[in-house]
Amino acid sequence: MAVPLQHAMKPTPSAEDIARQRFVSGLRTFVLNDLAADMRRAYDTRVVPSFRQAHGREPENGAEVHEAMRPDPAFKAYSSLRVSAQKMVWDSVTPVVQRDQARLAAIADEASQGRVEIHADFKMPRNVSAIDVHFMPGSYSGAGPHDDVTPGAVYDQGLAVFSMGLMGKNLDDIGVSMSRYVSRRFPEFRPLRILDLGCTVGHNTLPWKQTYPDAEVIGTDVAPGGLKYGAARAALQGVDVTFRQMNAEQLAFENDSFDLVFTSMFLHELSLKTIGKVFAEIRRVLKPGGLMLHMELPPNTQMGPFEGFYLDWDCYYNVEPFYKAFRDQEPRALCEKAGFEAINYFQFVVPSVGSYGSAAVDVAIAAETHEVNKETTGRLAEGIQWFGFGAWKTQTS
Ligand SMILES: C[S@@+](CC[C@H](N)C(=O)[O-])C[C@H]1O[C@@H](n2cnc3c(N)ncnc32)[C@H](O)[C@@H]1O
């Protein structure tokens, strides 16, 4: 079920809009639970037996599962309905935002003042400009003037429909859960300067300011409309965060200037070459003793062949071209390649605070959960857990 956003920057939907959005969220829930479960049953009862007959063994990785699943009717039903539901997410919010465009622009002009820096001549990277990422019309940057907040409003409202109420009232569950984890696991770590890269509308940036009120918190992204919308969104929620348009491959910040650099759901939208450049930049701007922290999709090495196939589906059918290449990496190896020392690496799984409450984070810390549950990932009825990894910059480097 789509949860109405609770902040004052949101567009105003009519009763019909709300009904349409609820229908789309409900359709996604049906696809991701019921049709996903059907697909798993088809795998166990039809696909594995015929694969075994042909090859004398079971599929060994996600790519083999994908090939074997493709002709199966359960896969076709799941895939076609999931693609349709994805397109319907954007169809259910775009007209609402367009109708409200003048009002949203006026609010954003005023509320974002002094809180956002964007540039008319900014060069958009091709991973954003060349494709409509996850079928979002116009991608993150949109087709309008650079300071048009429409793409930000469409993303915010679209994510509310897409996430079916599982990411919190203002879509901040990842930021809330991750910042809670860091503050509880490392109580002596008190960051005073925090950077969020690829923040879109800053929905997961704000919890860092709420967790560490004394810190200066900056969100950056390449897409200007989202940043301006996000700056107004933050101001209207009374959270003091600033936003700057910047390519994460080339950060306009001094060496050794941040205590914490965070990303969420960002790396899987970058090529491996870009990830290398971004990690090098993070390491450069981190202070010695500072923390690089990523919330991301779990790697294929942490899951069985079916679960790997299930998560990599987006790479083939949801305009996420870098998804699988990223998930095929070991996060530890990416950090080490960027110069972070092996001893300073850690990874973890944190339960969603929205689903399980903040006490569940302490339980997860005590249990030292380092890998996702191989058997359940992706099927939402099993609950939500976020995978994270990070590395400390050595004190002396
Ligand atoms: C999936 S969104 C991340 C959303 C957000 N961080 C969250 O927690 O949900 C990916 C974001 O990365 C941005 N992006 C893509 N390439 C970038 C780059 N090279 N530098 C900075 N931002 C980039 C996109 O514009 C988009 O807003």
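Guide: The bend at a residue is the angle between two axes, one fitted to the seven residues ending there and one to the seven starting there. Helices are DSSP runs of H or I with at least four residues, numbered from the N terminus. This is a predicted model, in which local features need pLDDT of at least 70, side-chain atom pairs count only at pLDDT 80 or more, and totals for chains, interfaces and linings use all residues. Residues are numbered from 1 along each chain as its sequence is written.

Visitor: Where does helix α1 bend?

Guide: Helix α1, residues 15-55, bends by about 45 degrees at Tyr43. After α1 comes Gly56, with a positive phi near 70 degrees.

Visitor: Which residues of α1 are buried?

Guide: A residue is buried if 20 or more other C-beta atoms, placed from the backbone, lie within 10 Å of its own. In α1 the buried residues include Arg20, Val31, Met39 and Tyr43. The buried residues of α1 pack against α2, α3 (73-99), α6 (150-162) and α11, where contact is C-beta atoms, placed from the backbone, within 7 Å.

Visitor: How are α2 and α11 placed relative to each other?

Guide: Two packed helices are described by the angle between their axes and the distance between the axes. Axes are lines fitted to C-alpha atoms over the stretch in contact, and angles run from 0 to 180 degrees between N-to-C directions. The axes of α2 (residues 62-69) and α11 (residues 305-317) come within 7 Å and cross at roughly 75 degrees. Therefore α2 and α11 are roughly perpendicular, a term for 65 to 115 degrees. Among the residues making the contact are Val65 and Met69 of α2 and Phe306 and Phe309 of α11.

Definitions and conventions. Helix = DSSP H or I, 4+ residues; strand = E, 2+ residues; numbered from the N terminus. Parallel < 35°, antiparallel > 145°, perpendicular 65-115°, else oblique. Contact = placed C-beta atoms within 7 Å. Buried ≥ 20, exposed ≤ 12 C-beta atoms within 10 Å, placed from the backbone.
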